[in-house]
Amino acid sequence: MQFLQILSRKPGSLEVLFQIPFCQKQFPYMCLSTSACVYSKKKRGNSYDQVDQEKYKNLVHSVISYKTSTQTPETILEEDNLLYGPPAKHTPPIKAGTRTPKNWVPLINPSKRILPVSSDSKVPMKIRLQRTKMPSVTRILQQTLSPQQVFYLERWKQKMIEELGKEGFEEYTKNLFLQGELFHSALESIFLSEETAARDQGEDDVVAGYLSSVERVLEDISEVKALESGVHHETLQYLGLVDCVAKYQGQLCVIDWKTSEKPKPFLQNTYDNPLQVAAYIGALNHDANYDFQVRCGLVVVAYKDGSPAHPHFMDPDLCSQYWNKWLLRLEEYMDKN
């Protein structure tokens, strides 16, 4: 039995179903039936019923009673106290970097007399470092390493000993020190106009890669004033050996040459080297042997494989920041000794 069903449905009205037979011979009549269509939605619970209305009565009243906002900082504070309670009084901890030295000495010597530059003084200064009881910059930094620095340094040392053995590690550190000395000697020869001899010597030895690495940096260096020269701070009583004092891109700098097998593209990758440069700048400015003062620094990281060196320039503001950090390390050393 087949039927054609026509369905007419309207929301909220009766549903009427007409059944029209295909075959009039078998069913000579038409049937009409009705049914009710009811739509209903499940009632949802009101989440506001669970709110403590008494607690928020004043807040709700203040919101709905005015067409324009009458809130002031005082009323906002009252509402915050009502919702979240009074603010907790908490003093943030003081970071170590924000401490100020007890005995602060300026980086630039205000009482130093600056002599006019002589046209004949083209030979870089090289003052011999006097061996006295004064501690060196290197010694002070080594004995005031933070616990975190000591941890990472010891972990690196143990890792290298596992790979190379104790004797192999000693040989490795000895070679690194020797390479640094040869690199500094080659640079000194270059600055003393012995460029050809130095580069010929460096072609076949261990410093060839380092010299290739700093070629572009050397193009920006001029007017060398000091090479491997000793400095000492007359007031703070410490000394050091400056690698180079020269102009870098027109700015007079204390330059520190560093060698590395790993890339160090950022200044923070050089660890305590910026503090070392700042210490040398302060010592030079307070050393009577030098008739000039320096306000900038430069850390140059050269690579053994000849990759372009990373020059990290330190402007006067940055040097002042590291100078304050150096003074704190110096005070720590003096307290320990």
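Colleague: Where does Gln237 sit?

Modeller: Gln237 is in the loop between strand 4 and strand 5. Keep in mind that this is a predicted model.

Colleague: And what is the phi of Gln237 like?

Modeller: The phi of Gln237 is near 60 degrees, which is a positive value in a residue other than glycine.

Colleague: How exposed is Gln237?

Modeller: Gln237 has a relative accessible area of 39%. Buried needs a value under 20% and exposed a value over 50%, so Gln237 counts as partly exposed.

Colleague: What about Tyr271, buried or exposed?

Modeller: Tyr271 has a relative accessible area of 62%, so it is exposed. Its place is the loop between strand 6 (251–260) and helix 8 (273–285). Tyr271 isn't a glycine either, and its phi is positive, at about 60 degrees.

Colleague: Since you mention helix 8, how many of its residues are buried?

Modeller: The count is 13 of 13, and the helix is mostly covered. From the first C-alpha of helix 8 to the last is 19 Å, close to the 18 Å expected at 1.5 Å a residue.

Colleague: Let's switch to helix 4. How far apart are its end C-alpha atoms?

Modeller: They are only 40 Å apart. Helix 4 covers residues 147–191, which is 45 residues, and a straight helix would reach 66 Å at 1.5 Å a residue.

Colleague: Where is the kink in helix 4 centred?

Modeller: On Gly165, and the kink is about 105 degrees.

Colleague: Which residues of helix 4 are buried?

Modeller: Among them are Met160, Phe169, Phe183, His184, Leu187, Glu188 and Phe191. Just after helix 4 comes Ser193, with a positive phi of about 65 degrees.

Colleague: New topic, cavities. How many are there of 30 Å³ or more?

Modeller: The count is one. The largest cavity has a volume of about 40 Å³.

Colleague: What lines the largest cavity?

Modeller: The lining is made of His184, Leu187, Glu188, Phe191, Leu227, Glu228, Asp243, Cys244 and Trp257. Helix 4 gives the most, with four residues. Helix 4, strand 4 (221–233) and strand 5 (238–248) each supply at least two residues of that lining.

Colleague: What is Pro308 in contact with, leaving aside its neighbours within four places in sequence?

Modeller: Pro308 is in contact with Ser213 and Tyr303. Pro308 and Arg216 are also worth a look: they are 92 residues apart in sequence, and their C-alpha atoms are 7.7 Å apart in space.

Colleague: Let's zoom out. How many helices and strands does the chain have?

Modeller: Nine helices and eight strands. The chain has 337 residues, and 32% of them are buried.

Colleague: And the contacts between residues at least 6 apart in sequence: what share join residues at least 24 apart?

Modeller: That share is 67%.

Colleague: Last one! What does the accessible surface of the chain come to?

Modeller: About 23,600 Å², and 53% of that belongs to carbon and sulfur atoms.

Technical notes:
Residues numbered from 1 in each chain as written. Predicted model: local features only at pLDDT ≥ 70, side-chain atom pairs only at ≥ 80, totals over all residues. Heavy atoms only, no water. Buried < 20%, exposed > 50% of the residue type's maximum accessible area, 1.4 Å probe, protein only. Contact = heavy atoms within 4.5 Å. Areas by Shrake-Rupley, 256 points an atom, 1.4 Å probe, with all protein chains shown as cover. Expected span 1.5 Å × (residues − 1). Bend = angle between axes of the 7 residues up to and from the residue. 1 Å grid on protein atoms, 1.4 Å probe; cavity = no way out; pocket = protein on both sides within 12 Å on 5 of 7 lines; lining within 4 Å. Points joined across faces, edges and corners; volume = space filled by probe spheres on them.
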